[in-house]
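Please examine the sequence and the three-dimensional structure shown here before reading the report.

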Amino acid sequence: MSCRASLGVLMKEAREIIGICQDEVRHSIVNSIYQSAESIAAGTVSSKAGKNMDWDRRIDRVLTSPVWGFPIMFGMLTVILWMTITGANIPSAILAQGLFWIEERLTELFIAVGAPAWLHGFLVLGVYRGAAWVVSVMLPPMAIFFPLFTLLEDLGYLPRVAFNLDRFFKGAGAHGKQALTMSMGFGCNAAGVIACRIIDSPRERLIATLTNSFVPCNGRFPTLIALATVFVGSSAASMSSAAAALSVAGLVVFGIAITLLISWLLTKTLLKGIPSSFTLELPPYRKPQIVQVIVRSVLDRIIFVLTRAVIIAAPAGGIVWILANTMIGDTSILAALAGWLDPFARHLGLDGFILLAFILGLPANEIVFPILIMSYVSGGVMMELDSLEALRRLLVDQHGWTWLTALCTMLFVLCHWPCGTTLFTIQREQRSWYWMAVAAVIPTVVGIVVCITVNYLVRALGLI
Amino acid sequence: MGLTYQSVGIPATREMFNVKVTDNRSVIALAGNPNTGKSTLFNALTGLRQHTGNWPGKTVLQSKGSFIYKGREYTVVDLPGTYSLLANSVEEQVARDFICFAKPDTTVVVVDATCLERNLNLVLQVMEITEKVIVCVNLIDEARRKKLNVDIQKLSELLGIPAVATAACTGEGLPQLLDLISQVVCGDLKPKPKLVHYSSELENAISKLEPKIKEVLGAELNSRWVALRLLEGDKTLIESLEKFYSQEMIKATREVLA
């Protein structure tokens, strides 16, 4: 007889002894525990606050109200983005100037020692410049956005977001906690995928996993921000950064709408089922350790970005340089690849270089935009790219970007295959290559459909 | 009979939780309701930087860390946040199984000073499983701000276990907590939990069952607690028993009941 059996015998005996149904036993046990807890708490806790008004509840009534909840959420997001955009400009310019000053010195050094041109090209114009782009363009927005987001998390705002969005997710047949995993995705989609473990039901966890990349992660925000600043910002001079912030916030809302739509489609097709209910506790608001959070997350971001710059961006820069400078006939491999992709990319409102940058950027989303700039720059005239105005000239004057190109690029940034790290994480979490592939295919198909639609619609309406 | 972990007094089942079994390393479990600052406390104790945030259920990985205090090495396990140990959810079962079967040398139950009453339910339940419990009244700074006063001395008396007030994010009370942990681990301080009294009907049933449970399980698990689980018909406990106890144990059981 096994342990299970012997205890089973005892359990049967227990049932005989008690005679009443077991639910009542559990009820009675829980009751006794609650009573003890109540009396102990009554004996130890005293409140000095006379008529202490419950601020938490009052604040919650506003933040989660059906009327104000959404405008406040949208407002907070816009404010954070606005702070990121205005705050990132100056450090970005300083970093760019500093890093390109170093590049010039490196070039002089290579000339002085008489190094061959290809070595200088590969190391300085490829490897060094790739890393420099990531650091100067991507780091400042990340180092501002992420700490602000962490402050909101520490304050206790995220569960309120989940509360507000709950009915939408339930309507889509998904789990309300998906709003929390989505919020984690803002920091990093791989982290968002891991956070999906908080969802118990495997079906709903899978839905949350597959749709996580529809929220732009920290590696994609800077690209969106840079494009919004260049294309939206410059058109409305005085309110430029606010307009840019609004457009990025609008894009995030679009991403959430896509998330809900895809979740709903998944529950109707691949992953049928009814949403499971859950109780979400709204934790008390806590004052975040402001200085500590900011210092820590800024440092964390800097270390994170620098590590990625060295591990991923530098080699990618080298590869791009090789591709751009190895000639087949009279065109470079890079130009040939871009040319080959170009007809398809044009349907999406992009061009071959943009699509190629996305493909080469598979290891990490941070490097997509730097790769694009590098491949544009290496193909044509060398130029100093130390300001947004210079970026504008590069994109608009030299490569014929219109606002439609920018819009389609931004939409494709939002909807395309997740980065390598995220895909790897999905494979590990779901232990399935199949679902990893699905996670890559869904956003890609959505991106292609959305871009083609927008591109042709705008052209058909004669808006451009 | 060879030298087993049992014979040197370290539960063999600990290995099943991926906790390294060595003689001089003590295991501390951090239990508590969700969002009471267990992860912050964990970080403060171990110097690690596990993700923290103000939302319940954030700790999805059971994390382990270690620290050295007064020449002794401690492994700290951050259990998922739970409101009870009644095994209603995966988290509750994980936390319960760890306390039952990994037998931590001390379990620190982290409670939120601003809502003590609700948090005490878990403390009372942990006390039923193990005597080696410390209650850590965290977020005491928050309570002060809300003008709440918690009488730690009295709480300790009423529960019969050591209690300490902390604010893990500022480090307040951590020296006292470390001191209590080391005292309980070394046996200098022996908590005497004052257990919950149930209805006379239940208490009668418990006293009838206890001796029989002792025959089957010996001193492996608290027989009063097992009796309660049997009375409420908790089948998950039996499943966990099967999972965590060796063939030897089952064999011994067989002999008793033969």
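## Model and overall composition of chain B

The structure is a predicted model. The secondary structure of chain B consists of ten helices and seven strands. Chain B has 258 residues, of which 49% count as buried. Among the contacts in chain B with a separation of 6 or more, 63% are accounted for by residues 24 or more positions apart.

## The sheet of chain B

Six strands of chain B form an open sheet with mixed pairing, in the order β2-β3-β1-β4-β5-β7. Its edges are β2 (63-69) and β7 (163-165) of chain B, each of which pairs on one side only. On average, and with direction ignored, neighbouring strands of this sheet are turned by 25° against each other.

At one end of the strand order, β5 (residues 133-138) of chain B and β7(B) run parallel and are joined by three bridges. Within this pair, V135(B) has A163(B) in β7(B) as its bridge partner. Helix α3 (residues 116-129) of chain B packs on the sheet and touches β1 (25-32), β4 (106-112) and β5 of chain B. The direction of α3(B) makes about 165° with that of β4(B).

## The interface between chains A and B

Contacts between the chains involve 50 residues of chain A and 53 residues of chain B. On the side of chain A that touches chain B, at least two residues each are supplied by α1 (3-18), α2 (22-44), β1 (45-47), α5 (117-155), α6 (158-171) and α8 (189-195) of chain A. The largest share, 15 residues, comes from α2(A). By residue class, this side of chain A comprises 26 nonpolar, 14 polar and ten charged residues.

Strand pairing also links the two chains. β1(A) and β6 (residues 148-150) of chain B run antiparallel and are joined by three bridges. Here S46(A) stands opposite N149(B) in β6(B). Strands of a sheet pair through backbone hydrogen bonds, in either a parallel or an antiparallel arrangement.

P191(B) lies in the loop between α6 (174-186) and α7 (200-217) of chain B. Is P191(B) buried or exposed? P191(B) is buried, because 22 other C-beta atoms lie within 10 Å, and the cut-off for a buried residue is 20 or more.

Not counting residues up to four places away in sequence, P191(B) touches E131(B), K132(B), V133(B), G160(B), I161(B), P162(B) and V184(B). One of these contacts, V133(B), belongs to β5(B), which spans residues 133-138.

## Nonpolar cores and a covered helix

The largest nonpolar core has 126 residues, and V134(A) and V248(A) touch the most other members. The element that gives the most to this core is α5(A), with 19 residues. Leaving aside neighbours within four places in sequence, V134(A) is in contact with V305(A), A309(A), A313(A), E366(A), I367(A) and P370(A). A second, separate core of 85 residues includes A37(A) as well as V123(B), V137(B) and L230(B).

Helix α14 (residues 352-360) of chain A is mostly covered, with eight of its nine residues buried. The buried residues of α14(A) are G352(A), F353(A), I354(A), L355(A), L356(A), A357(A), F358(A) and L360(A).

Technical notes
Residues numbered from 1 in each chain as written. Chains lettered and ligands numbered in written order. Predicted model: local features only at pLDDT ≥ 70, side-chain atom pairs only at ≥ 80, totals over all residues. Pairing = 2+ DSSP bridges. Helix = DSSP H or I, 4+ residues; strand = E, 2+ residues; numbered from the N terminus. Axes fitted to C-alpha atoms, helices over the stretch in contact; angles between N-to-C directions. Contact = placed C-beta atoms within 7 Å. Nonpolar A, V, L, I, M, F, W, Y, C, P; charged D, E, K, R; others polar. Buried ≥ 20, exposed ≤ 12 C-beta atoms within 10 Å, placed from the backbone. Core = buried A, V, L, I, M, F, W, Y, C linked by C-beta atoms within 7 Å.
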